[in-house]
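Please read the following account with the sequence and the coordinates side by side.

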Protein chains: 2
Amino acid sequence: MTSSASESSDDPTAAGWIAVVGLGPGRPEWLVPEAATYLAEATDFVGYHTYLAMVPAALRHGQVVHGSDNREEIDRARFALQLASEGRRVAVISSGDPGVFAMASALFEAQTDDQVQPQWAALDIIVVPGITAALATAARVGAPLGHDWCTISLSDNLKPWSIIEKRLGHALAADFVLALYNPVSRRRPTQLAAAFEIIRAHRDLSTPIVLGRDVARPDEHIEIVELGGVDLGRCDMRTVILVGSSTTRIDDLGGRRRVFTPRTYPLT
Amino acid sequence: MTSSASESSDDPTAAGWIAVVGLGPGRPEWLVPEAATYLAEATDFVGYHTYLAMVPAALRHGQVVHGSDNREEIDRARFALQLASEGRRVAVISSGDPGVFAMASALFEAQTDDQVQPQWAALDIIVVPGITAALATAARVGAPLGHDWCTISLSDNLKPWSIIEKRLGHALAADFVLALYNPVSRRRPTQLAAAFEIIRAHRDLSTPIVLGRDVARPDEHIEIVELGGVDLGRCDMRTVILVGSSTTRIDDLGGRRRVFTPRTYPLT
């Protein structure tokens, strides 16, 4: 990606740092102030092109921008650690929360793996939390996560599909609300349907389902439907799916459709 | 609690609103700007005494403060809805995220229950998300939630202990990372030990455990230990407990103890 340095850090004694920063969904009103501070003080931004484009304009002032493709996380992590070890102030950019299916784990893996560079070990990786997509989507539709819940990535790029199936089965048997991340991609066109076969085997067709695409962004599109009427063709990598538990309810009060899970779980 | 009105809203045609606001852990650097906006514009604060005391001083300007005990959620929700229907601008205060084991569900329950007041149904309950304790604790220790995880409240005030046991068993069998909220209270002194008996039956004694008390607050105290060495006596209602999965790792790089769950899950 393009770059323009605002300052030089050729001095190797300069105090570099590395912070992995969660943008939340991307709207500035949901970005924690500490994230804004680290973004403003960084000399370098490192991240996936799409997330780099979400950094609010007010926080850009000529930082060097290092964009990369979405599937190059570990190389990106090593590159960011090397920059920081050379004295740069590096903000690694994630959407949502950087600790949830995002860059924080990749940074710790790169820092601790067998090929570790000694100069990386001294870096204190700062994690700045953010509003993860499950919380953002829940806030926009009501309170579906008001009781016990779990979050599962449906991507099998880094884990076997068998563990995803196993976790779905247990989560459904436990009657958790489910937040499903990375539901589908061009490389994985069929797995979302397979996941929903498992879901339909455990849950009533009236179970509330939330499809949240680009939540809290200008192109936000949210649907609240019942399991029996869900159209999976509307989902892509930018969609988060919430699956209700047996107690989750849809209400159409005052013309607004809301979904929530009550605090009380009945004795059965 | 004490109160001092900064303005009158005796005019019943005034446009009242109700927003349930997450403070995050309480530090202003982790409070989303939208929360600050609603707090500043509110005429009334409603909440549990302890959380009301966490509202940053800069956002207080004479709002009427309605404090109550922690176990009076549904009465508090009704009171807040009534205030808003009378034209007040009401901020209902939660710590963390208001949609996670907090006040958002109580508000939707009160709005939709059989005793509903017609004037409450027209209110659009605004949910302002926050950094929930699991994300806050994770950010302070590394990236333990970097893979699939679940969150369970150990309180059986509103659900039977049998469903908690069932959920713990499934979550452990699924090899989720666990975030345990409300682990213990004076009224429930023995359940945490019962939960850990279930955990020890499923997980190796080297499993990383994080005990996070008052995370991201001035009195923060965090311990990262192995399951075999955990001291449950250090836990209270202000503690969040993270239980690692089979892949979660502790590393002591550069003298700092960090815990993270790698992105990759091995084929077994």
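A nonpolar core here is a set of buried Ala, Val, Leu, Ile, Met, Phe, Trp, Tyr and Cys residues joined through C-beta atoms within 7 Å; a residue is buried if 20 or more other C-beta atoms lie within 10 Å of its own, exposed if 12 or fewer, and partly exposed in between, with C-beta atoms placed from the backbone. The model is predicted, and local features need pLDDT of at least 70, side-chain atom pairs count only at pLDDT 80 or more, while totals for chains, interfaces and linings use all residues. Residues are numbered from 1 along each chain as its sequence is written, and chains are lettered from A and ligands numbered from 1 in the order in which they are written.

Leaving out residues up to four places away in sequence, B:L107 touches B:V20, B:A77, B:A80, B:L81, B:V92 and B:I125, where two residues are in contact if their C-beta atoms, placed from the backbone, lie within 7 Å. In soluble globular proteins, nonpolar side chains tend to be buried together.

Chain A contains 8 helices and 13 strands; helices (H or I, at least four residues) and strands (E, at least two) are DSSP runs, numbered from the N terminus. Of the 268 residues of chain A, 54% count as buried, and residues 24 or more positions apart account for 75% of its contacts with a separation of 6 or more. The C-alpha trace of chain A spans about 65 × 45 × 35 Å along its principal axes.

Strand β1 (residues 17-22) of chain A runs parallel to β4(A) and is joined to it by 6 bridges, with A:I18 opposite A:V90; two strands pair if DSSP finds at least two bridges between them. Strand β2 (residues 44-48) of chain A also pairs with β4(A) in the parallel sense, over 4 bridges, and there A:F45 stands opposite A:A91.

A separate open sheet of chain A has 3 strands in the order β6-β13-β12, with mixed pairing. Its edge strands, each pairing on one side only, are β6 and β12 (249-251). β12(A) and β13(A) pair in the antiparallel sense over 3 bridges, and the bridge partner of A:R249 in β13(A) is A:F260.

In chain B, B:L52 is found in helix α2 (residues 49-52) and is partly exposed, with 19 other C-beta atoms within 10 Å. B:L52 and B:I93 are 41 residues apart in sequence, yet their C-alpha atoms are 6.6 Å apart in space. Leaving aside neighbours within four places in sequence, B:L52 is in contact with B:F45, B:G47, B:V65, B:G67 and B:I93.

Chain A is divided into domain 1 (17-131) and domain 2 (134-260), with bounds that come from an automatic or database domain assignment. The contact between them takes 8 residues from domain 1 and 9 residues from domain 2.

The contact between the chains takes 62 residues from chain A and 62 residues from chain B. On the side of chain A that touches chain B, α4(A) gives the most, with 7 residues, and the residues of that side divide into 36 nonpolar, 13 polar and 13 charged. In this division Ala, Val, Leu, Ile, Met, Phe, Trp, Tyr, Cys and Pro count as nonpolar, Asp, Glu, Lys and Arg as charged, and the others, Gly among them, as polar. Helix α4(A) is itself mostly covered, with 9 of its 10 residues buried, among them A:L107 and A:F108. Across the contact, 3 bridges join β7(A) to strand β7 (residues 149-153) of chain B, and the two strands run antiparallel, with A:T151 opposite B:W149.
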